[in-house]
Amino acid sequence: DVGMIEDGALVIDGERIDAVGRTADILAAHTADRMIDASGRVVCPGFVDCHSHYPIDPIVEDGFLIYRQEPLERIILRAARSAAAALRAGVTTSRSGGAPSNTDVILRDAIAAGDVPGPRLLAAGPALTITGGHGWLFGREADGELELRRAVRINVRDGADHIKAVASEAAMLTTSVAGVE
C-alpha cells in the first residue's frame, strides 16, 4: 500500500511497473527502460469492467438490433474500436456480458496476440437465455436443463472463458415489455 505520493514518479521495466515513489528517490535508486514523471497527475490501478458488450454499438438507440443487419466483419471492427476506447479510458480487464457469433472470443484472441489494442478480455460467447428472453437477439436460446447443458457445452467448445446466463430481472423486463406477465 503506497498511499498518496506528492511529486511522484513510476519506473517502467518492460511492460511492468518496477517502482513507485517520490521523483528524487526514484532518480537516485533506479535505472529502468523508462521513468514517467507523474508530478501533478493521478495514477491508479487499471479498471475492471465486469459487463461489456464491445461488438454492440453503445451510442445508437438500437445497438442490439443493428448488429443483426451488419456483416460480421463490421461487427468485429466496431468491437476492436470499442475495446481500444475502453483501454484508453483505463480499463485493463473486461468481462464480456455476451456477444453475437462469438465475436468476443475473436476479439479476445486478437487482443492477446497484439493485433488490436484492448483490455485483457474474458469472453462469454453468446449469452444464454430462454426462448424470446432478454438477450435473445445476441444470445443463444435454451429452454430446460438439457438445452442449457448443450448451450454451455457449445460455448465452452467455441472458446468461452465463462458463461453468461440471463436469468433475473432483465429476463422479467423482456417478458413484461412483451405483455407477458
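**A sheet and a helix pair**

Hi everyone, let's start with the sheet: 3 strands form an open, antiparallel sheet in the order E2-E1-E3. Here strands are DSSP runs of E with at least two residues, helices are runs of H or I with at least four, and both are numbered from the N terminus; two strands pair if DSSP finds at least two bridges between them. E2 (16-22) and E3 (34-37) are the edge strands with a single partner each, so one side of each has no neighbour in the sheet. Strand E1, residues 8-13, pairs with E2 over 6 bridges, and Asp-13 sits opposite Arg-16 in E2.

A quick word on the source: this is a predicted model, where local features need pLDDT of at least 70, side-chain atom pairs count only at pLDDT 80 or more, and totals for chains, interfaces and linings use all residues. Residues are numbered from 1 along each chain as its sequence is written, and side-chain values use heavy atoms, leaving out hydrogens and water.

Now, the helices. The axes of H3 and H4, lines fitted to C-alpha atoms over the stretch in contact, with angles from 0 to 180 degrees between N-to-C directions, come within 10 Å and cross at roughly 55°. Which residues in H3 meet H4? Leu-72, Ile-75, Ile-76, Ala-79, Ala-80 and Ala-83 do, and their partners in H4 are Thr-103, Ile-106, Leu-107 and Ile-111; contact means heavy atoms within 4.5 Å.

And Tyr-54? Skipping residues up to four places away in sequence, Tyr-54 touches, among others, Ala-79, Ala-83 and Leu-107.
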